[in-house]
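Student: Could we go through this structure together? I would like to start with the backbone and then turn to the sheets.

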Amino acid sequence: MKNILFVASEGVPFIKTGGLADVVGSLPKSIDRNYYDVRVILPKYTCMKQELTQKLEFVTNFYMDFHWKNEYVGILHAEVDGIHYYFIDNEYFFGGFKPYGDNALFEIEKFSFFSKAALSILPVIGFRPDIIHCHDWQTGLVPVYLKERFQGNEFYHGIKTIMTIHNLKFQGKWSVKEVEDITGLSQYYFTPDKLEAYKDANLLKGGIVYADAVTTVSPTYAEEIKTAFYGEGLDGLLNARAHDLRGIINGIDYEEFNPATDKRIAVPYNAANFRKEKSKNKRALQEELGLNKDEKCFMIGVVSRLTDQKGFDLIACVLEELCQDAIQLVVLGIGEEQYENMFRHYDWKYHGKVSANIYYSEDLSHKIYASADAFLMPSLFEPCGLSQLMSLRYGTIPIVRETGGLKDTVEPYNEFEGTGTGFSFANYNAHEMLNTVRYAEKIYYDKKREWNKMVDRAMAADFSWNVSAGKYQLMYDWLCG
């Protein structure tokens with residue numbers, strides 16, 4: 001039996017701001033429990049929902065030397081779906097109305113504390129991992145601290161670490177002097193071959209340098225981040241570690257995202273009956289959102305953060321043109337003000353055709369996956385992407401740009417061979433995107449049988465966690481030798 005410890009800043013069902021939480025919540029459940037004991041450490045945020053904090057049991061507490069003070073470290077525990085979760089409690093660091101704040105320096109102090117505390121509690125909870133699996137910059141100091149001050153203690157000797165990059169854009173950067181002061185790491189660690197990058201301290205870089213293996217969330221993204229365009233300044237380091245870098249595609253929870261049993265959608269359906277039943281969801285959504293009632297109209301769904309990274313600058317260029325087509329567009333999400341206002345404007349101008357829902361709702365997201373015919377995701381970069389996997393599961397055809405996980409998971413339609421699960425375009429160009437959307441419209445309206453066969457293939461694709469978990473298990477075995 002191998003012991004695996006996940007350390008992360010968020011995880012379903014306790015706290016979620018993005019895809020990282022889905023991975024931390026789903027992957028441990030999918031790993032084979034006959035061979036691995038997987039446990040998770042998270043911060044205990046005061047903004048966690050009341051019904052979840054009630055599940056936590058107090059274990060013990062102690063004081064830890066951190067940033068020239070003795071800091072309180074509380075340990076709580078909960079068991080969910082057979083997985084043990086441990087929570088590090090300190091209200092000074094984990095108070096507030098959101099898990100992450102806007103003060104970058106405080107965030108660095110907070111997650112430096114969390115990284116050190118996560119290692120410190122292990123002998124107390126009596127769990128010695130063979131591998132610590134760290135996620136994103138918030139846990140970048142775990143491999144560093146392990147090598148720097150814990151490795152000498154026999155309990156920690158020989159523990160291996162993995163650093164998983166969910167989004168390379170976020171790195172945890174601040175001035176060397178202040179990070180040195182906060183972390184208690186000596187000057188030795190703040191050199192260009194360790195934590196220093198472009199005159200700043202960089203926590204993610206520390207994790208990449210000191211981890212025994214580095215992963216990211218799709219094979220294409222693992223290749224892309226070795227280039228200057230996608231590498232966010234760390235492409236040199238990622239090339240140097242290319243031998244230890246691998247991309248493993250994320251999965252989604254096939255229980256939660258299942259059109260046959262989904263309680264959030266109007267009419268359940270499956271691969272056998274979607275031709276009759278799926279459009280009933282479209283009708284229900286048109287009614288709910290005040291769109292023109294026409295179940296034959298080509299409906300495009302968008303569920304996303306409204307940011308440049310997600311390709312909304314491309315959509316902005318051609319939205320007026322797109323609205324001249326026989327389509328409906330349903331948007332759900334929040335983000336940059338210019339895009340929120342753009343969609344509100346088009347909802348006003350083309351009411352009945354465009355529905356802008358500028359908030360976030362889990363219920364409405366499921367309804368859009370179930371109702372739309374196509375799902376638009378023209379990202380500039382996309383480490384993995386989960387929305388396209390959810391839309392495939394619901395038989396909603398993705399229209400994506402060929403980058404990162406989108407390229408790995410959506411097979412472009414080929415009308416001559418009758419293959420493919422979606423539509424894709426290569427260049428980051430608004431009219432190339434528009435042409436691809438219009439090609440999808442043409443197949444939908446003029447070749448409905450071909451479209452339905454594509455839906456069959458999309459719903460048959462398997463992006464459940466079981467496939468990815470198998471690849472993580474191979475890596476765990478490889479690391480443990």
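Student: Where is Pro13 found?
Tutor: Pro13 sits in the loop between β1 and α1 (19-30). Helices (H or I, at least four residues) and strands (E, at least two) are DSSP runs, numbered from the N terminus. The model is predicted: local features need pLDDT of at least 70, side-chain atom pairs count only at pLDDT 80 or more, and totals for chains, interfaces and linings use all residues. Residues are numbered from 1 along each chain as its sequence is written, and side-chain values use heavy atoms, with hydrogens and water left out.

Student: What kind of peptide bond joins Val12 and Pro13?
Tutor: A cis peptide bond, with omega at about 5°. Most peptide bonds are trans, and most residues other than glycine have a negative phi.

Student: And what is the phi of Asp136?
Tutor: Asp136 is not a glycine, yet its phi is positive, about 65°. Asp136 belongs to the loop between β6 and α6 (141-150).

Student: Is Asp136 buried or exposed?
Tutor: Asp136 counts as buried, at 10% relative accessibility. Buried means under 20% relative accessible area, exposed over 50%, and partly exposed in between (1.4 Å probe, protein chains only).

Student: What about Tyr198: buried or exposed?
Tutor: Tyr198 is exposed, with a relative accessible area of 66%. Tyr198 lies in the loop between β9 (196-197) and β10 (200-202), and has a positive phi of about 50°.

Student: Changing topic, what is the order of the open sheet of 9 strands?
Tutor: The order is β3-β4-β5-β2-β1-β6-β7-β11-β12, with mixed pairing; two strands pair if DSSP finds at least two bridges between them. β3 (57-66) and β12 (245-247) stand at the edges with a single partner strand each, so one side of each has no neighbour in the sheet. Neighbouring strands are turned by 25° against each other on average, direction ignored. Axes are lines fitted to C-alpha atoms, for helices over the stretch in contact, and angles run from 0 to 180 degrees between N-to-C directions.

Student: Which helix packs on that sheet?
Tutor: Helix α4 (residues 104-120), which touches strands including β1 (2-7) and β3 and makes about 115° with the direction of β3. Contact means heavy atoms within 4.5 Å.

Student: How many bridges join β7 to β11?
Tutor: There are 4 bridges between β7 (residues 160-165) and β11 (residues 213-216), which run parallel. Met163 has Val214 in β11 as its bridge partner.

Student: And the order of the open sheet of 6 strands?
Tutor: That order is β15-β14-β13-β16-β17-β18, with parallel pairing.
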